[in-house]
Amino acid sequence: EIQSRLNKGLCEISGVALVIVAGQGRSALSPSIDRILPQNGYVLANVRIVAYALNTAMGDWGLAPVLQIAEALMKREI
């Protein structure tokens, strides 16, 4: 099941294409397994494949502040 989801090559939250480069280690767009509810552990019904950078940010603060920042970024003209 996990391999099938990895093979799709997309972050299951953002839809961004995930990147795996052999021999280069982790990057912001590497696939990462996220526990939806951390206390429920790594079981199929509780995991999703996401971009490593997104999983790292959510690990400390959850999805809400990540979405708040993303929304603010989209409104700015950088």
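Colleague: Which backbone nitrogen lies 2.7 Å from a polar atom of the side chain of Ser-30?
Modeller: That's the backbone nitrogen of Ser-27. Bear in mind this is a predicted model: local features need pLDDT of at least 70, side-chain atom pairs count only at pLDDT 80 or more, and totals for chains, interfaces and linings use all residues. Residues are numbered from 1 along each chain as its sequence is written, and side-chain values use heavy atoms, with hydrogens and water left out.

Colleague: OK, is Ser-30 buried or exposed?
Modeller: Buried, as its relative accessible area is 7% (buried is under 20%, exposed over 50%, partly exposed in between, with a 1.4 Å probe and protein chains only).

Colleague: And what does Ser-30 touch?
Modeller: Not counting residues up to four places away in sequence, Ser-30 touches Leu-18, Val-19, Gly-25, Val-50, Ala-51 and Tyr-52. Touching means heavy atoms within 4.5 Å.

Colleague: Switching topic, which residues make up the largest nonpolar core?
Modeller: Eight residues: Cys-11, Leu-18, Ile-49, Val-50, Ala-51, Leu-54, Met-58 and Val-66. Such a core is a set of buried Ala, Val, Leu, Ile, Met, Phe, Trp, Tyr and Cys residues joined through side-chain atoms within 4.5 Å.

Colleague: Which element gives the largest share of this core?
Modeller: E2, with three residues. Strands are DSSP runs of E, at least two residues, and helices are runs of H or I, at least four, numbered from the N terminus.

Colleague: What about Val-66, what is it in contact with?
Modeller: Leaving aside neighbours within four places in sequence, Val-66 contacts Leu-54, Ala-57 and Met-58.

Colleague: Last one: where is Val-21 found?
Modeller: In the loop between H1 and E1. Val-21 is partly exposed, with a relative accessible area of 37%.

Notes:
Polar contact = N/O pair within 3.5 Å; in protein donor to acceptor, adjacent residues only side chain to side chain.
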